[in-house]
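Please look over the sequence and the 3D structure shown below before reading the report, and keep both in view while the parts of the chain are described.

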Amino acid sequence: MRKEDCYFLGKITRKHGLQGNVILKLDTDQPEIYNKLESIFIEINGLLVPFFIQKISWSKQDSLNILFKNATDQLAEQVIGKEVYLPLSTLPKLEGKKFYYHEIIHFKIWDNKGNLYGEIQSVNDQTAQHYFILNLDGKEVIIPIIKDWILEVNRKEKFIKMELPEGLLEVFLAESKNDEA
């Protein structure tokens with residue numbers, strides 16, 4: 001399994017007990033859809049290694065207590081701090097204006113008048129307000145992801161149509177010109 005064909009699910013944070021159980025801290029808005037996992041991929045030395053689950057239960061609202069088949073205390077020690085992945089094919093399909101961040105990279109952002117805001121280079125979800133990082137003619141543009149501003153997500157033609165508050169883009173572009181001076 002290649003990492004490009006997977007998405008980040010979370011991280012093994014610690015051992016639980018002495019029987020080889022580990023705690024998987026999930027990085028998702030919908031932890032409830034992961035309570036029946038049969039297997040996961042753990043990144044070890046740059047490779048995704050499959051681990052099959054014998055028993056799974058909730059530790060906290062966003063953390064799972066996992067016991068792997070053939071688990072040992074030594075195995076649990078080896079996977080602490082490791083990242084966990086699942087194949088992209090396991091994600092439920094989203095429709096309408098909902099999207100996964102990984103699927104909209106390189107989508108273009110347009111307004112409802114046909115003006116190009118830029119192409120999505122990445123998404124920052126590490127802050128309270130998530131935002132798109134766009135490239136517009138070599139300049140970095142940041143647009144907050146606010147669902148009321150999103151008018152359309154076109155997966156076939158790879159664009160998102162948005163309605164930004166008047167002047168928002170101009171203010172940002174003026175600030176980036178001042179930074180260059």
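## Elements along the chain

Helices, of at least four residues, and strands, of at least two, are taken here as DSSP runs and are numbered from the N terminus. With this way of counting, the protein chain of this predicted model comes to two helices and twelve strands, and from the N terminus on the elements follow one another as β-β-β-β-β-α-β-β-β-β-β-β-β-α.

## Overall dimensions

The C-alpha trace spans about 60 × 40 × 30 Å along its principal axes. The radius of gyration of the protein chain is 20 Å, whereas a compact globule of 181 residues would have a value near 16 Å.

Buried residues make up 36% of the 181 residues, and the chain exposes about 11,500 Å², of which carbon and sulfur atoms supply 49%.

One of the pairings joins strand 3, which covers residues 39–44, to strand 6, which covers residues 83–87, through two bridges in the antiparallel sense.

## The annotated region and strand 9

An unreviewed UniProt entry carries the annotation "domain: Ribosome maturation factor RimM PRC barrel" for residues 102–168. Over these residues the chain is 51% strand and 1% helix, and the end C-alpha atoms are 25 Å apart.

Why can strand 9, residues 131–136, be described as largely enclosed by the rest of the structure? Five of its six residues are buried, so strand 9 is largely enclosed in this way; a residue is called buried when its relative accessible area is under 20%.

Strand 9 also pairs with two other strands. Strand 8, residues 116–124, runs antiparallel to strand 9 and is joined to it by five bridges, one of which has Val123 as the partner of Phe132 in strand 9, and six residues lie between the two strands of this hairpin. Strand 10, residues 139–144, pairs with strand 9 over six bridges, again antiparallel, and Tyr131 has Pro144 of strand 10 as its bridge partner. Two residues separate strand 9 and strand 10 in their hairpin, and Asp137 in the turn has a positive phi of about 55°.

Terms used: Residues are numbered from 1 along each chain as its sequence is written. This is a predicted model: local features need pLDDT of at least 70, side-chain atom pairs count only at pLDDT 80 or more; totals for chains, interfaces and linings use all residues. Side-chain values use heavy atoms; hydrogens and water are left out. UniProt positions are given in the numbering used here, feature names are shortened, and annotations may be inferred rather than shown by experiment. Buried means under 20% relative accessible area, exposed over 50%, partly exposed in between (1.4 Å probe, protein chains only). Two strands pair if DSSP finds at least two bridges between them. The radius of gyration is taken over C-alpha atoms; the globule rule is 2.2 Å times the number of residues to the power 0.38. Accessible areas come from the Shrake-Rupley method with a 1.4 Å probe; for residues, only the protein chains shown count as cover.
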